[in-house]
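Here is a friendly walk through a helix pairing and a group of aromatic rings. Please keep the viewer open as you read.

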Amino acid sequence: MANVPAAAVAASGLVGGYAVARWTKKRPLGGVALAAAGAVAAYQWNRQAGPRAAVGLTTAYVAAFAGSHPLAKKVGAWPAVFTVAGSMAAASWAVTRRAA
């Protein structure tokens, strides 16, 4: 398996989870995609930066998901998803880069 950066996994999980939920019209299925990517990212964060960073970034991942909902009411669904995905990727990159 290729070594995909945790930042890309986290951002893809947020975008992919929304896309799956929207296009299948099955929100729980989108949640499965979101959770699966989150679990992979958390594993990578733990390996790269340790458990404290993994907990912090996992909390940020969940907060990004939750925060996308009120943001979507202001800017639209896709812009909100891309905004939180980009923010999550930047946070992941910053934390794992410092740990390396």
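In this predicted model, helix α2 (residues 27-49) and helix α3 (residues 51-75) have axes that come within 8 Å and cross at roughly 155 degrees. Angles over 145 degrees count as roughly antiparallel, so α2 is roughly antiparallel to α3. The crossing in which α2 passes α3 is right-handed.

Which residues in α2 and α3 meet? On the α2 side they are Arg27, Leu34, Ala37, Gly38, Ala42, Trp45, Asn46 and Ala49. Facing them in α3 are Pro51, Ala53, Ala54, Leu57, Thr58, Tyr61, Phe65 and His69. By class, the residues of this contact of α2 with α3 divide into 11 nonpolar, 4 polar and 1 charged.

Now to the aromatic rings. The structure holds 3 aromatic pairs. One of them joins Trp23 and Trp78, whose ring centres are 5.8 Å apart with planes at 40 degrees, so this pair is tilted. The pair links distant parts of the chain: Trp23 belongs to helix α1 (residues 6-24) and Trp78 to helix α4 (residues 77-99), 55 residues apart.

How exposed is each of these two tryptophans, Trp23 and Trp78? The table sets them side by side.

| Residue | Relative accessible area | Class |
|---|---|---|
| Trp23 | 63% | exposed |
| Trp78 | 23% | partly exposed |

Trp23 is exposed because its value of 63% is over the 50% cut-off.

Note on methods. Residues are numbered from 1 along each chain as its sequence is written. This is a predicted model: local features need pLDDT of at least 70, side-chain atom pairs count only at pLDDT 80 or more; totals for chains, interfaces and linings use all residues. Side-chain values use heavy atoms; hydrogens and water are left out. Axes are lines fitted to C-alpha atoms, for helices over the stretch in contact, and angles run from 0 to 180 degrees between N-to-C directions. Helices (H or I, at least four residues) and strands (E, at least two) are DSSP runs, numbered from the N terminus. Angles under 35 degrees count as roughly parallel, over 145 as roughly antiparallel, 65 to 115 as roughly perpendicular and the rest as oblique. A crossing is left-handed if the near helix is turned anticlockwise from the far one by less than a right angle, and right-handed if clockwise. Contact means heavy atoms within 4.5 Å. Ala, Val, Leu, Ile, Met, Phe, Trp, Tyr, Cys and Pro count as nonpolar, Asp, Glu, Lys and Arg as charged, and the others, Gly among them, as polar. Rings of Phe, Tyr and Trp (its six-membered ring) pair if their centres lie within 6.5 Å; planes under 30 degrees apart count as stacked, over 60 as edge-to-face and the rest as tilted. Buried means under 20% relative accessible area, exposed over 50%, partly exposed in between (1.4 Å probe, protein chains only).
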